[in-house]
2 protein chains.
Amino acid sequence: MSVAARSLPLLVLLALGSAHADEGMWLLNDFPSQAVQKGYRFAPDQAWLDRVRLGALKLGTGCSASLVSSHGLVMTNHHCVRDCVQDLSTPKDDYLAQGFFAPTERDERRCPKLEASQLLAITDVTEQIRAATRGLEGPAFAKARKEEMARIEGACATGPAVRCDVVTLFHGGRYQLYRYRRYQDVRLVFAPEFPMAAFGGYPDNFNFPRYGFDVALLRVYDGDAPASTPDALRWARKPAVEGDLVFVAGHPGGTERVQTVEQLAFQRDVALPWTLLRLAELRGVLLEFSRGNPELYRITRARIRTVENGLKGLRGRYAYLATPAAFEQKRAEDGELRSRVQADPALAARYGPAWEGITRALASERRIHAELRMMETSDAFNSELFEMARLLVRAAEELPKPSEQRLREYSDARLPSLKQRLLRPVPVPKEVERVTLSFGLRRLRDDLGADHPFVQRTLGKDAPEDLARALVDGTRLEEVTVREALWTGGKAAIEASTDPMILLARRVDADARAVRKVFEDEVEGPLAKYGELLHQAHVAVYGTSGYPDGTLTLRLSYGRIAGWEQDGRRVPAMTRFDGLYARSTGTFPFALAPSWLKARSALDPKTPMNVATTNDIIGGNSGSPLLDRNAEVVGLIFDGNLPSLGGDYGYDAATNRAVAVHASAILEALEKVYGAHRVVSEIRGASAAKTR
Amino acid sequence: MSVAARSLPLLVLLALGSAHADEGMWLLNDFPSQAVQKGYRFAPDQAWLDRVRLGALKLGTGCSASLVSSHGLVMTNHHCVRDCVQDLSTPKDDYLAQGFFAPTERDERRCPKLEASQLLAITDVTEQIRAATRGLEGPAFAKARKEEMARIEGACATGPAVRCDVVTLFHGGRYQLYRYRRYQDVRLVFAPEFPMAAFGGYPDNFNFPRYGFDVALLRVYDGDAPASTPDALRWARKPAVEGDLVFVAGHPGGTERVQTVEQLAFQRDVALPWTLLRLAELRGVLLEFSRGNPELYRITRARIRTVENGLKGLRGRYAYLATPAAFEQKRAEDGELRSRVQADPALAARYGPAWEGITRALASERRIHAELRMMETSDAFNSELFEMARLLVRAAEELPKPSEQRLREYSDARLPSLKQRLLRPVPVPKEVERVTLSFGLRRLRDDLGADHPFVQRTLGKDAPEDLARALVDGTRLEEVTVREALWTGGKAAIEASTDPMILLARRVDADARAVRKVFEDEVEGPLAKYGELLHQAHVAVYGTSGYPDGTLTLRLSYGRIAGWEQDGRRVPAMTRFDGLYARSTGTFPFALAPSWLKARSALDPKTPMNVATTNDIIGGNSGSPLLDRNAEVVGLIFDGNLPSLGGDYGYDAATNRAVAVHASAILEALEKVYGAHRVVSEIRGASAAKTR
């Protein structure tokens with residue numbers, strides 16, 4: 001135990017004993033309505049919660065969304081569909097630059113790789129997983145757990161329109177089966193100009209006051225007709241104002257709030273710096289690559305924004321762990337829990353092994369981290385064409401096996417998404433592929449060293465840029481028919497292929513699978529096993545389970561519209577259209593699109609534009625609806641402020657803010673900037689119809 | 001105190017009570033000859049130490065060097081004179097690519113900005129500084145210390161050929177006046193091809209086995225004739241072999257081995273990540289900027305190598321702090337010292353304030369770090385032309401003041417170096433300036449935010465790249481005559497100037513000076529004051545002062561030629577020419593220069609090429625001679641292995657290795673690859689003459 005643990009016992013007990021005001025990414029089947037009632041004199045009931053669950057959607061891109069008309073209309077962020085808009089753009093019809101609005105339903109354009117899912121049912125399967133893994137250790141535990149999950153999902157997934165995921169909650173403390181209605185035909189209805197969606201660019205990202213119009217509309221289709229979606233959320237007739245109670249329903253990604261201090265140190269010292277340095281260098285490459293050349297910029301800008309968003313977001317996460325007070329608080333919490341477990345022989349016998357088990361898993365993770373990143377993630381093979389090649393090579397190997405024995409992403413329950421990703425036609429700009437693959441291969445040699453056997457196997461005597469050029473120029477995987485032939489041809493087709501990208505994917509696969517297996521056996525499995533113990537220890541000591549860490553599954557958070565104090569300065573809760581116009585400089589990223597310049601006189605300058613709220617959200621919540629106490633839409637979450645980026649590790653009610661586009665701004669701009677009357681009536685109509 | 005401090009007391013006492021075998025960057029007037037005698041049965045005497053002191057040189061670029069003939073011939077690393085070689089290169093005579101050898105003395109080319117210094121005398125001035133600062137706190141302490149240092153230096157510097165530095169040792173525990181013979185006319189004699197000097201590029205940098213020919217020869221001149229240098233070191237007639245005792249005399253840069261754990265955490269969490277992310281992004285920009293365009297590559301490659309070397313070196317430093325065992329050892333050492341101070345009321349009263357004082361200083365440093373980096377260092381104004389502008393603007397302001405009241409780098413004792421840097425003609429490639437300044441200004445806005453007053457003052461409504469282009473295209477500071485006119489014209493000329501770079505430097509100067517003043521008063525001053533206390537506490541508790549942290553002042557380290565164990569694998573102590581040829585792939589950075597391909601059959605393949613030694617060195621030691629027990633040259637230090645990069649914080653005898661070019665490789669290649677017979681005879685002749 002550390003100094004801090006002993007000097008801060010009261011504070012620590014306070015912090016752990018009850019969640020902070022407004023903290024929490026709550027399960028919809030375990031929502032603290034009493035706490036909300038106490039703070040806000042309103043308690044969502046089960047019908048309210050069910051309504052929100054069915055109105056919320058999950059996008060395959062790792063974003064959230066919501067149904068906003070009974071006719072399949074879906075609202076999300078522009079940045080959640082940026083890749084789709086980019087895929088649909090051509091030099092002539094540059095929808096990312098100029099925006100997109102389908103004047104009629106027939107003009108709505110299918111997003112090639114996008115799917116959306118609606119959560120229909122939740123079933124607890126903890127006991128089934130426990131039974132399958134009881135008494136097992138190490139690789140045997142990992143294997144049994146994985147196979148049981150695949151079995152449960154396989155039994156649930158009765159067709160391509162049903163998606164089933166066994167989700168791990170409380171780091172293995174609970175397992176639940178989520179059954180979704182899957183929509184694979186998702187079409188683009190509206191997207192504003194990229195410069196409006198990302199107004200302020202890198203400098204304004206995660207800052208506030210903010211002026212982003214990060215909005216997009218999609219429509220889910222069923223049998224080539226708009227899906228019937230009676231569960232759509234209604235649009236609020238009363239605009240939200242400062243102080244209002246608001247809810248966010250969405251899919252926060254992997255937070256790490258219940259971790260040992262060693263796990264946090266691993267993030268701070270190893271994982272985050274690795275990724276940050278990679279993104280920083282890639283940012284430099286891509287900005288310079290596209291500088292001064294409109295066509296190269298056109299094919300690179302979506303990727304640049306993704307890289308920049310990751311870079312700034314992870315810097316924020318890093319900043320939290322690098323703040324002595326925050327980290328020492330975490331050290332104190334961990335030390336407190338551990339010492340209370342150790343003080344009680346029964347607890348110590350049962351939960352004591354958690355810390356040592358996690359320490360061992362982390363030692364393995366530190367050891368293999370660079371190899372895992374280079375061989376099995378896309379760090380070295382930073383190329384869509386390579387990803388296709390690997391997917392084809394592995395599918396040929398995996399699909400003949402029983403579903404539960406395959407690599408997890410090839411299980412039957414996951415095939416529909418996989419096939420959509422692989423076989424839908426999307427443009428693959430080879431100029432960008434050459435640059436990103438060169439970058440990845442260069443870093444492979446830089447980071448593992450020229451003498452590493454895997455580097456030798458990958459590069460031979462080639463320079464990274466020469467190999468990248470030969471691979472990208474030589475492959476034909478950009479053609480859907482070529483991919484289809486290899487997919488249906490299976491192992492024989494793969495073995496007969498002379499496509500250089502397929503040959504590379506085959507050459508490196510044994511090493512990649514080997515390091516992945518070490519990861520699963522020595523890291524992932526043990527962290528699940530001992531994470532479960534840690535969670536149980538938490539419950540045993542503090543008597544409450546609280547909310548589970550974010551896992552890209554549906555959660556509900558509550559809070560209110562509020563500004564905050566930063567460095568002694570008051571940050572307001574809301575911005576307005578007039579502030580947007582004042583901030584414009586005429587040059588990127590502070591240049592307004594022509595449509596907004598033209599519409600200026602028609603717009604009400606006092607229209608609220610962006611709002612800050614105390615809701616506890618994180619990446620993955622992008623595109624979530626902001627709801628009032630009637631479960632009606634009052635905004636669209638698209639960001640958090642800088643302090644919210646530490647939300648991976650903790651929530652500070654004083655400064656952590658979610659950022660949303662205000663519902664009034666959405667309708668006002670759709671009508672007066674974009675003339676999108678048909679969808680505005682549709683949104684308003686749905687509300688009117690429902691509230692009759 | 002932490003767990004580690006209490007569970008490792010014996011280990012800690014051992015580690016602190018006596019330095020590890022071969023550890024130490026020793027002062028030449030305080031060398032542990034007894035310890036060397038004990039370990040190696042040889043003890044350098046005062047004559048030996050004086051000989052080495054006079055044979056060693058310090059280069060103005062932050063490197064080390066040595067005199068190797070009585071005729072002013074100087075040996076150092078290619079990477080220490082890379083900028084000079086680049087400055088002398090043209091598209092037609094590309095000395096960096098093709099190498100340089102002056103067939104006669106008349107062909108030797110002056111390095112515009114390089115100076116070399118020979119340490120003539122050391123005087124302790126601790127009492128003078130103490131007297132001047134006694135009883136003072138905060139800004140008053142910092143001011144008095146700075147002024148007394150300038151006074152002492154001013155009294156010592158009797159002319160431009162004398163250079164005087166008051167150096168701070170033991171973080172303020174001791175102050176010494178170093179008086180040097182200054183050479184400002186330094187000429188290039190020999191440089192190999194850049195691809196040979198940096199063979200293996202980024203991937204091989206800091207790795208071993210290694211095959212770098214990182215060698216350069218210079219000559220110091222006096223009144224347009226080669227300087228007479230009777231103090232030159234002799235070349236050893238017997239080549240060094242594995243196991244030999246070897247010494248390194250050179251100028252290790254700022255190490256941080258005696259620091260509180262909070263100071264180390266500041267490095268790990270704030271300073272290093274900031275610099276690493278900056279370098280990573282800049283690397284991406286520069287590599288992509290120069291890719292596929294020979295002329296852009298020609299003007300960028302030296303900068304790229306500097307950035308890459310910094311990036312990899314700092315990653316190594318970071319890796320040390322990110323290793324739990326290493327950091328916990330540091331935590332234990334700090335905790336042990338602190339608890340022993342606190343356990344004794346007399347010690348506690350005297351030295352106890354050190355920790356709190358350092359904590360306060362670090363809180364200030366964390367607070368101002370981003371602003372300091374952006375406003376006062378070159379992070380934002382990443383441009384040689386801007387640096388010239390700032391130097392001119394500040395000189396006009398500072399020079400009229402009494403020397404000791406000026407900013408430290410403008411004191412009389414430092415003017416000769418300053419003027420040389422500013423007024424010597426060097427090419428400034430504007431294409432690179434535009435790119436690096438755009439990058440810096442972009443990061444300025446990214447990191448401080450678009451609303452920061454300093455960002456507003458710098459950029460106004462301009463985009464970073466637009467402003468950078470306007471500044472670089474508009475300035476005329478690349479012309480020496482323009483700089484001279486502004487230098488001699490003083491304040492009136494500066495105020496009348498409409499040069500855009502001068503205008504920018506004036507516009508930002510007040511803010512930059514303000515944050516610098518906060519840094520000096522709240523960070524630098526207190527860290528010197530409390531660093532002194534910490535050092536005294538160390539001496540009081542452990543009874544020995546050991547060696548001071550590196551400060552770019554002359555030090556001597558001892559060790560032996562030895563390999564090491566890495567991940568269970570034996571790394572050899574030496575490489576040979578045949579290994580170099582085996583490693584060649586024909587493509588950068590593993591492509592041999594044509595001269596080496598041609599000379600292959602003439603070379604003895606068994607010639608030792610690079611050697612690893614246990615000497616405790618660090619950045620700044622580049623170019624140091626590797627000496628045997630006769631104080632004769634057996635090699636040329638140019639690098640360390642990856643574990644040595646943690647040497648900023650600690651030395652591990654098991655893995656920390658210095659890396660040198662073997663003396664045999666130097667002469668063999670000079671003769672048979674480069675036909676540099678006149679310098680080989682000169683080197684051999686000096687030895688012969690001296691040993692007659």
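Let's start with L626(A), which counts as buried because 31 C-beta neighbours sit inside 10 Å. By buried I mean that 20 or more other C-beta atoms lie within 10 Å of the residue's own, with 12 or fewer called exposed, anything in between partly exposed, and C-beta atoms placed from the backbone. Before going on, a word on the model: it is predicted, so to speak of a local feature we need pLDDT of at least 70, side-chain atom pairs count only at pLDDT 80 or more, and totals for chains, interfaces and linings use all residues. Residues are numbered from 1 along each chain as its sequence is written, while chains are lettered from A and ligands numbered from 1 in the order in which they are written.

Back to our leucine. L626(A) belongs to strand β19 (residues 625-627) of chain A; helices (H or I, at least four residues) and strands (E, at least two) are DSSP runs, numbered from the N terminus. Which residues does L626(A) contact, leaving aside neighbours within four places in sequence? They are V246(A), V248(A), T613(A), V634(A), G635(A), L636(A), I637(A) and A660(A), where contact means that two C-beta atoms, placed from the backbone, lie within 7 Å. S66(A) is 560 residues away along the chain from L626(A), yet their C-alpha atoms are separated by 9.9 Å.

Now the sheet around that strand. In chain A, 8 strands make an open sheet in the order β1-β14-β13-β19-β20-β21-β18-β17, with antiparallel pairing. Two strands pair if DSSP finds at least two bridges between them. At the edges stand β1 (26-27) and β17 (574-576) of chain A, each with a single partner strand, so one side of each has no neighbour in the sheet. Further in, β18 (residues 608-613) and β21 (residues 658-662) of chain A are antiparallel partners over 4 bridges, and V611(A) faces A660(A) in β21(A). Helix α25 (residues 663-672) of chain A packs on this sheet, touching β18, β20 (633-640) and β21 of chain A. The direction of α25 makes about 35° with that of β21(A); axes are lines fitted to C-alpha atoms, for helices over the stretch in contact, and angles run from 0 to 180 degrees between N-to-C directions.

Another piece of chain A involves β7 (residues 116-124). Strand β2 (residues 56-59) of chain A pairs with β7(A) in the antiparallel sense over 2 bridges, with A116(A) as the bridge partner of L59(A). β7(A) also pairs antiparallel with β9 (residues 174-183) of chain A, over 8 bridges, and there I122(A) stands opposite Y178(A).

Finally, the two chains together. Chain B can be laid on chain A with an RMSD of 0.0 Å by a turn of 180° and a shift of 0.0 Å along the axis, superposing by least squares on the C-alpha atoms of residues with pLDDT of at least 70 in both. That is the relation of a two-fold axis. The same surface serves both copies, as 100% of the contact residues of chain B recur in chain A.

How many residues of chain B touch chain A? There are 35, in contact with 35 residues of chain A. On the chain B side, α10 (201-204), α11 (261-290) and α18 (430-448) each supply at least two residues, and α11(B) gives the most, with 15 residues.
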